[in-house]
Amino acid sequence: MSIIVKIDNYSFMCADDSMSLLEAIEDQGIDVEYQCRQGFCGLCRLKLVEGKVTYFDEPIAFIPENYILPCCCKTKEDIVIEGTVPKEKTSV
Amino acid sequence: MNYTTFNQNQFDATKEPMFFGNYVNVSRYDVQKHPIFEKLIEKQLSFFCRPEEVDVTQDRKDFLSLSEHERHIFLSNLQYQTLLDSVQGRSPNIAFLPVVSLPELETWIETWAFSETIHSRSYTHIIRNILPESSEVFDGIVDTDAILDRATDITKHYDQLIMMTQLFQTQGEGTFTVNGQSTEVTLRTLKRILYLTMVSVNVLEALRFYISFACSFAFAERAKMEGNAKIIKLIARDEALHLTGTQHILNLMASGNDDPEMEVVARECHEEARHIFLDAVEQEKAWADYLFKDGSMIGLNKEILCQYIEYIAAQRMDALQFSHSFSQKQNPLPWMNAWLNSDNVQVAPQEVEVSSYLVGQVDSELKSNEFENFTL
């Protein structure tokens, strides 16, 4: 089953289940801010517009409502997140 | 109500607010109102390390090779970091412990402040290793106007909270004249100053510290002062946790889920709190001016640092849902992420050698005459 992640009009398929959502996004060449990558600094937070994510590590950072910490979650369904994708990238 | 080190009344600590409820009695963690604070404690304890584990001998040679203005940048930055941790090593204990009401939060405050004392010891370790005479740097802290200007803003909320708590706990509510200044002490005014102090601590740890980290890592980006950067990396990991702590406290206060009156206070103080951030941004920019007064360094100058100040301020203000007009969306110092990443922090003594250690270990230039004495 392939899961589609849509970020700022750019969609990609999230195939590798071993990666965190942050790694999956970075794998597409999209930069997301990060510091700890362990769920305690909160820097990589992204706004979740549609869908649900599953945390494999319980985050310690404060996460405002409707936001997610991609460094410690995966997605099991199609999701839409807010973010900035470089203009040269086109949807697959 | 006088402070007591062991409150003998029977009450349910899980029904207390974070601050200004009953004084804590039994330090118990089996039942918790806000379990997040215990998670923070456990994380902080797992970060324990000693600065002496990091070898800074190469830094001494590096320091000698720096130009005069680069030394000014390096030492001033270190002086500023020393000031910040001097404040943070004591102030959360003195300001927050007398008014805290939850055992898990009380212990988090103590754990938090303790880790700051390790940072202070780290700066002494660094300075002792790179300079033959360290007192010049430490004595210079209270002689430098550019540092003192910021020290006032960093400590004024703490000092006011401490003074008002002392009055409240010995005299009760009322209007008092201290040093010629009239101060109204009520539970409400105390909650206001507590909220503002917490915001100013968040500004200190989430904004001011990060500006100083940028300067430390800018040297290491050029393979200079790498031992220092290794230590700062450990300190940055702690600070990321501390700023999460104050973000949780501030958001709990603003939500009203902890203490309904605090929600009103947070709303009343919103503009003032926002201005603590905005004032700090201006101060940090003035500091950038002072740092680079004699010249820039490769990879970092006043303009880039000022962009970074706005960028990081926007991040932190967003986290607290404070509005701002900073338009810097892209990180002007993209290499900061790699330095701040705690994933690859290593503290085992055999693994903390500076990264440049491996350079030159493999001799890849071979000429045929090197096999001359080689026989089978």
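Hi everyone, and thanks for coming. Please keep in mind that what you see above is a predicted model.

Let me start with chain B as a whole. It has twelve helices and two strands. If you follow the sequence, the order of elements is α-α-α-α-α-α-β-β-α-α-α-α-α-α. In terms of dimensions, the C-alpha atoms of chain B occupy a box of roughly 90 × 45 × 40 Å along the principal axes.

Now to the helix pairs. For the first, look at helix α7 of chain B, residues 187-221, and helix α10 of chain B, residues 270-291. Their axes come within 10 Å, and the crossing angle is roughly 30°. Angles under 35 degrees count as roughly parallel, so α7(B) is roughly parallel to α10(B). The crossing here is right-handed. On the α7(B) side, the residues in contact include B:Y195, B:L196, B:V199, B:V203 and B:I211. From α10(B), the partners include B:A273, B:I276, B:F277, B:A280 and B:V281. Sorted by class, this contact has 13 nonpolar, three polar and four charged residues.

The second pair is helix α4, residues 103-130, with helix α8, residues 226-255, again both in chain B. These axes come within 11 Å and cross at roughly 155°. Anything over 145 degrees counts as roughly antiparallel, which is why α4(B) is described as roughly antiparallel to α8(B). This crossing is left-handed. On the α4(B) side you can find B:W108, B:W112, B:H119 and B:Y123, among others. Facing them in α8(B) are residues including B:I231, B:I235, B:D238, B:H242 and B:I249. The class count for this contact is ten nonpolar, eight polar and three charged residues.

Let me finish with the interface. How many residues does each chain bring to the contact between chain B and chain A? Chain B supplies 28 residues and chain A supplies 16 residues. The two chains bury about 1900 Å² between them, and 51% of that area is on carbon and sulfur atoms. And how many salt bridges does the rule find across this interface? The count is zero between chain B and chain A.

So, to recap the helix pairs: α7(B) and α10(B) run roughly parallel, while α4(B) and α8(B) run roughly antiparallel.

Methods:
Residues are numbered from 1 along each chain as its sequence is written. Chains are lettered from A and ligands numbered from 1 in the order in which they are written. This is a predicted model: local features need pLDDT of at least 70, side-chain atom pairs count only at pLDDT 80 or more; totals for chains, interfaces and linings use all residues. Side-chain values use heavy atoms; hydrogens and water are left out. Axes are lines fitted to C-alpha atoms, for helices over the stretch in contact, and angles run from 0 to 180 degrees between N-to-C directions. Helices (H or I, at least four residues) and strands (E, at least two) are DSSP runs, numbered from the N terminus. Angles under 35 degrees count as roughly parallel, over 145 as roughly antiparallel, 65 to 115 as roughly perpendicular and the rest as oblique. A crossing is left-handed if the near helix is turned anticlockwise from the far one by less than a right angle, and right-handed if clockwise. Contact means heavy atoms within 4.5 Å. Ala, Val, Leu, Ile, Met, Phe, Trp, Tyr, Cys and Pro count as nonpolar, Asp, Glu, Lys and Arg as charged, and the others, Gly among them, as polar. Buried area is the accessible area (1.4 Å probe) that two parts lose on being put together, summed over both. A salt bridge is a side-chain nitrogen of Lys or Arg within 4 Å of a carboxyl oxygen of Asp or Glu.
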